[in-house]
Amino acid sequence: MLTSVDTELLKVLADPLRLQIVTLLAHETLCTTHLVEETGARQTNLSNHLRVLREAGVVETEPCGRFTYYRLKPDVLAALAGQFAALADTARTHADSKRSC
């Protein structure tokens with residue numbers, strides 16, 4: 001299937017807890033303790049999801065004493081949104097195209 005959308009990033013963001021983390025980080029930079037409080041997830045589970053988000057380039061870390069803060073990288077989400085926008089534009093352009101059988 002031909003597509004210009006980053007499927008690996010979509011897989012990363014498809015997890016409900018990861019999407020919740022991304023939504024929370026869109027509002028403010030948070031440490032793991034804050035994210036545990038907000039999501040109700042166990043710290044080890046949350047840390048694994050944060051690692052996946054960090055490796056995918058969605059979040060970045062900022063050490064602060066004995067805590068690690070996580071910040072959303074909005075350019076990554078903007079690029080993904082741009083890929084969907086381009087796909088929508090292509091669909092609009094070719095709305096009347098139909099391949100004959």
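Biologist: How many salt bridges does the count come to, and by what rule is a pair called one?

Modeller: The count comes to five salt bridges, where the rule asks for a side-chain nitrogen of Lys or Arg within 4 Å of a carboxyl oxygen of Asp or Glu. This is a predicted model, in which local features need pLDDT of at least 70 and side-chain atom pairs count only at pLDDT 80 or more, while totals for chains, interfaces and linings use all residues. Residues are numbered from 1 along each chain as its sequence is written, and side-chain values use heavy atoms, with hydrogens and water left out.

Biologist: What makes Arg-51 and Glu-55 a salt bridge?

Modeller: The closest N and O atoms of Arg-51 and Glu-55 are 3.5 Å apart, and the limit is 4 Å, so the pair qualifies. Both belong to helix H4, where a spacing of four residues separates Arg-51 and Glu-55 by about one helical turn. Helices (H or I, at least four residues) and strands (E, at least two) are DSSP runs, numbered from the N terminus.

Biologist: Which residues are linked in a network of salt bridges?

Modeller: The network links Glu-60, Glu-62 and Arg-71. For Glu-62 and Arg-71 the closest N and O atoms are 2.7 Å apart, and therefore the pair meets the rule. Glu-62 has 33% relative accessibility and Arg-71 has a relative accessible area of 32%, so each of the two is partly exposed.

Biologist: What makes E2 and E3 a pair of strands?

Modeller: Two strands pair if DSSP finds at least two bridges between them; six bridges join E2 to E3, which run antiparallel, so these strands pair. Thr-61 stands opposite Tyr-70 in E3. The hairpin of E2 and E3 has two residues between the strands, and Gly-65 takes a positive phi near 65° there.

Biologist: Why are E1 and E2 called edge strands?

Modeller: The three strands form an open antiparallel sheet in the order E1-E3-E2. Strand E1 (30-31) and strand E2 (59-64) each pair on one side only, and they are the edge strands. H4 lies across E2 and E3 and runs at about 115° to E2.

Biologist: What makes a set of residues a nonpolar core, and how many residues has the largest?

Modeller: A nonpolar core is a set of buried Ala, Val, Leu, Ile, Met, Phe, Trp, Tyr and Cys residues joined through side-chain atoms within 4.5 Å. The largest has 21 residues, and those with the most contacts inside it are Ile-21, Leu-25, Leu-35, Leu-53 and Val-58. Helix H1 (7-14), helix H2 (16-27), helix H4 (43-55) and strand E3 (67-72) each supply at least two residues, and the largest share, five residues, comes from H2.

Biologist: How do you know that Val-22 is buried, and what is Val-22 in contact with?

Modeller: Val-22, in helix H2, has a relative accessible area of 7% and is therefore buried. Contact means heavy atoms within 4.5 Å; leaving aside neighbours within four places in sequence, Val-22 is in contact with Leu-13, Leu-53, Val-58, Leu-72 and Leu-77. With neighbours left aside in the same way, the contacts of Val-58 include Leu-9, Leu-13, Val-22 and Leu-53.

Definitions and conventions
Buried means under 20% relative accessible area, exposed over 50%, partly exposed in between (1.4 Å probe, protein chains only). Axes are lines fitted to C-alpha atoms, for helices over the stretch in contact, and angles run from 0 to 180 degrees between N-to-C directions.
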